[in-house]
Amino acid sequence: METVLSGIRPTGNLHLGNYFGALKNFVQMQNEYNCYFFIADYHSLTTHPTPHNLTGNVREILAEYLAAGLDPEKAVIYIQSDVPEVAELYLFLNMNAYVGELERCTSFKDKIRQQPHNVNAGLLTYPTLMAADILLHRANKVPVGKDQEQHLEMTRTFANRFNRMYNVDYFPEPQAFNFGNELIKIPGLNGTGKMGKSEGEGNAIFLSDEPEAIRKKVMKAVTDAGPTRPHQEKSQPIENLFKLMKAVSNAETLAYFEEQYDSCQIKYGEMKKQLAEDMIAFTAPFRDKIKELLENKEYLSNVARMGKEKAQENARKTIRDVREIIGFRSL
Ligand code: TYM
């Protein structure tokens with residue numbers, strides 16, 4: 001059976017972009033594949049969280065994963081730092097990762113812009129840690145949004161380089177995966193880029209958001225002056241609103257507003273109201289479940305323990321093999 005692995009950085013709560021980009025088909029995936037879902041807490045150190053925030057965020061993401069439908073009996077759900085074997089693989093991969101290729105990575109360039117006062121080595125080697133996450137479980141498929149495509153390409157480069165260097169066929173070539181569909185990018189509410197936790201206040205809708213917060217954010221979403229010609233091409237902010245509506249609303253609602261836009265009768269206020277209500281309805285089952293799970297600390301800690309055991313068993317096997325391949329053998 002093929003292995004699927006997916007991860008998320010605990011630097012904020014789970015938002016609709018994460019959900020539609022990487023999690024949407026969880027339930028089906030865990031029935032059809034050997035699944036690993038983990039919380040990338042080592043990765044989040046690149047932005048220097050406080051210990052208090054780090055623990056809290058990990059707990060929240062775990063509750064959100066479970067609320068989204070992940071089943072700890074079917075999939076291995078674990079916390080990255082519970083399986084420190086990944087750090088050893090990261091070290092090995094870093095020896096064959098070249099500074100030039102790491103510097104050219106788009107996410108590194110973005111981060112330099114976002115946090116010019118904290119350009120740490122962890123940011124530069126982020127792709128090798130991510131490759132280590134994936135290769136540790138020799139995953140074949142990695143459900144991700146479009147923003148992670150380049151990281152997957154680098155993971156394939158590192159895997160192939162390792163295989164070639166040691167003349168083995170050990171690591172499979174992992175593919176970015178969205179259940180046969182193209183990788184997607186869910187836009188945010190500020191009119192420009194993707195939905196994301198580091199894209200500014202109000203840009204992302206979180207699964208845990210209260211209805212009032214959702215209404216407030218959506219009503220503030222950037223729009224334009226409105227179409228003046230029938231079938232006018234949409235500006236970016238409006239295109240974004242329609243994309244969001246396509247994700248959470250039903251087909252009739254979407255068709256209605258498309259028609260209103262095309263005939264220049266659209267009232268953005270009305271569209272946003274509808275979008276907010278549809279987002280509220282979409283997130284409602286998650287919201288209640290997240291609250292319930294967060295109150296059950298013992299259950300969360302049991303899930304984490306179970307995941308750690310299973311993930312570590314597999315990780316240890318990989319590290320044993322890799323050490324042998326590299327030449328760390330007992331004398
Ligand atoms: P992160 O935490 O930024 O996002 C987690 C997942 O959500 C997807 N995603 C989106 N998809 C579509 N539209 C959006 N607006 C959007 N925003 C986020 C991301 O593509 C991702 O799949 N580097 C990863 C975490 C990671 C990882 C891994 C993932 C570490 N190791 C190994 C897979 C495998 C990250 O920062 O994702």
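How much space lies in the largest cavity? About 40 Å³.

## Before you start

What you see is a predicted model, so to speak of local features pLDDT has to be at least 70, side-chain atom pairs count only at pLDDT 80 or more, and totals for chains, interfaces and linings use all residues. Residues are numbered from 1 along each chain as its sequence is written, and side-chain values use heavy atoms, with hydrogens and water left out.

## The cavity

Searching the whole structure turns up one cavity of 30 Å³ or more. A cavity here is a set of points, on a 1 Å grid over the protein atoms alone, where a 1.4 Å probe fits but cannot get out; lining residues have an atom within 4 Å of a point. Grid points are joined across faces, edges and corners, and a volume is the space filled by probe spheres set on the points.

Among the residues lining the largest cavity are Phe20, Met29, Pro143 and Phe177. Helix 1 gives the most to this lining, with four residues (helices are DSSP runs of H or I with at least four residues, strands are runs of E with at least two, and both are numbered from the N terminus).

## The pocket

Now for the largest pocket, with a volume of about 1000 Å³. A pocket is an open set of grid points with protein on both sides within 12 Å along at least five of seven lines. Its lining takes in 47 residues, and Arg9, Asp147, Gln148, His151 and Lys194 lie nearest the centre. Helix 7 gives the most to that lining, with six residues.

## Around the ligand

The ligand is surrounded by 28 residues, the closest being Arg9, Tyr126, Asp133, Asp147 and Ile186 (near means a heavy atom within 4 Å). Strand 1 (3–8), helix 1 (16–23), helix 9 (126–136) and strand 4 (141–143) each supply at least two residues of this shell.

There are polar contacts too, meaning pairs of N or O atoms within 3.5 Å. An N or O atom in the side chain of aspartate 133 is 2.7 Å from a nitrogen atom of the ligand, while glycine 145 brings a backbone N or O atom 2.8 Å from a ligand oxygen atom. The protein buries 98% of the 700 Å² that the ligand exposes when taken alone (accessible areas come from the Shrake-Rupley method with a 1.4 Å probe).

Conventions: Polar contact = N/O pair within 3.5 Å; in protein donor to acceptor, adjacent residues only side chain to side chain.
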